[in-house]
Amino acid sequence: MKTRFVLINTSHAGNVGAAARAMKTMGFDDLVLVAPRWANVLRREETIQRASGALDVLANARIVATLDEALDGISHLCATAMTPRDFGPPAAAPRQHFEMLLKGELSALDGKALEAENSQISDQDGDRPAAPSGVAFLFGSERFGMANEDVYRCHVALSIPTNPGFGSLNLGAAIQVIAYEWRQALGGFAVQSATPPRAQADAAQVAGMLAHWEQALAAIGFLDPAAPKKLMPRLNQLFNRAQLAPEEIHILRGVAKAMIEAAEAKR
């Protein structure tokens, strides 16, 4: 689904770079700036530094003069306004809203979103509106937030659940949260393992190590070969549960060797 992040009247160049970085980590690259403070904000040193490698997002970004220009091709508008309005769209947590949106469970548009009056297409049954063709997340100025008229045209005012006593979020942090929640709603990315797959010792290696340990335990007097009882079968089960790697087999055999050598040195 087409996804766009729209920054309105952004005043700090670093936040533009932080926005690009937040978007790229979640796989998004459509960034539009509406009348930012700096005309050259996409090329400023602070922007580039804060982007931390997301230069392709900055290269793809557009600067426009009005919000209307930023919303071309978008059918569902999400404001990110923390301050309650007397009149405006309903407030919702991102996760809750995204789930409903993608399941087509949202009610028909109420007419307050000017860009999407005729964009909703009913599903085959005609009972529920289909998912939108494009979603835009609107973020206001760092100092003043979103203007009322911009909030009013949106379908929802997303409210990130925060500490009731301190809900202030940096612009870059807010974009990261919204980008993450939206990516998760769309399916998310698989977690990449930080370590290579772990090899497991085969049965022959485990059996060889157990035989070595049986010899070592007998050498130090812990195991009576004449009455071994269930010691070795229990150790076998213990090591099977541990799912030993070949390197761990080598360590345990080294321990067994040292036990045997220590026992022989005392004789």
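**Briefing: core and helix packing in a predicted model**

Val 6 has a relative accessibility of 0% and therefore counts as buried, a word that stands for under 20% relative accessible area, while exposed means over 50% and partly exposed lies in between (1.4 Å probe, protein chains only). The structure is a predicted model, in which local features need pLDDT of at least 70 and side-chain atom pairs count only at pLDDT 80 or more, whereas totals for chains, interfaces and linings use all residues. Residues are numbered from 1 along each chain as its sequence is written, and side-chain values use heavy atoms, with hydrogens and water left out.

**The chain as a whole**

- The chain has ten helices and seven strands, where helices (H or I, at least four residues) and strands (E, at least two) are DSSP runs numbered from the N terminus.
- Of the 267 residues of the chain, 40% count as buried.

- Leaving aside residues up to four places away in sequence, Val 6 touches several others, including Val 32, Val 34, Leu 67, Ala 136 and Phe 139.
- In soluble globular proteins, nonpolar side chains tend to be buried together.
- A nonpolar core is a set of buried Ala, Val, Leu, Ile, Met, Phe, Trp, Tyr and Cys residues joined through side-chain atoms within 4.5 Å, and the largest one here has 35 residues, with Phe 5, Leu 7, Leu 31, Phe 137, Phe 139, Ile 175 and Ile 178 having the most contacts inside it.
- Several elements each supply at least two residues of this core, among them strand E1 (2–8), helix H1 (13–25), strand E6 (134–139) and helix H7 (171–186).
- Ile 178 touches residues that include Phe 5, Phe 98, Phe 137 and Phe 139, again not counting residues up to four places away in sequence.

**Two helix pairs**

- Helix H8 (residues 203–219) and helix H10 (residues 246–265) pack at an angle of about 20°, with their axes 8 Å apart, and this angle makes H8 roughly parallel to H10, since angles under 35 degrees count as roughly parallel, over 145 as roughly antiparallel, 65 to 115 as roughly perpendicular and the rest as oblique.
- The residues of the contact of H8 with H10 divide into 14 nonpolar, four polar and two charged, where Ala, Val, Leu, Ile, Met, Phe, Trp, Tyr, Cys and Pro count as nonpolar, Asp, Glu, Lys and Arg as charged, and the others, Gly among them, as polar.
- The axes of H5 and H7 come within 10 Å and cross at roughly 35°, and the contact is made by Pro 94, Arg 95, Phe 98, Leu 101 and Leu 102 of H5 together with Ile 178, Glu 181, Trp 182, Ala 185 and Leu 186 of H7.
- The residues of the contact of H5 with H7 divide into eight nonpolar, no polar and two charged.

**Two loop residues with positive phi**

- Asn 9, in the loop between E1 and H1, has a phi near 55°, a positive value in a residue other than glycine, and is partly exposed with a relative accessible area of 39%.
- Lys 229, in the loop between H8 and helix H9 (231–242), has a phi near 50°, a positive value in a residue other than glycine, and is exposed with a relative accessible area of 75%.

Technical notes:
Axes are lines fitted to C-alpha atoms, for helices over the stretch in contact, and angles run from 0 to 180 degrees between N-to-C directions. Contact means heavy atoms within 4.5 Å.
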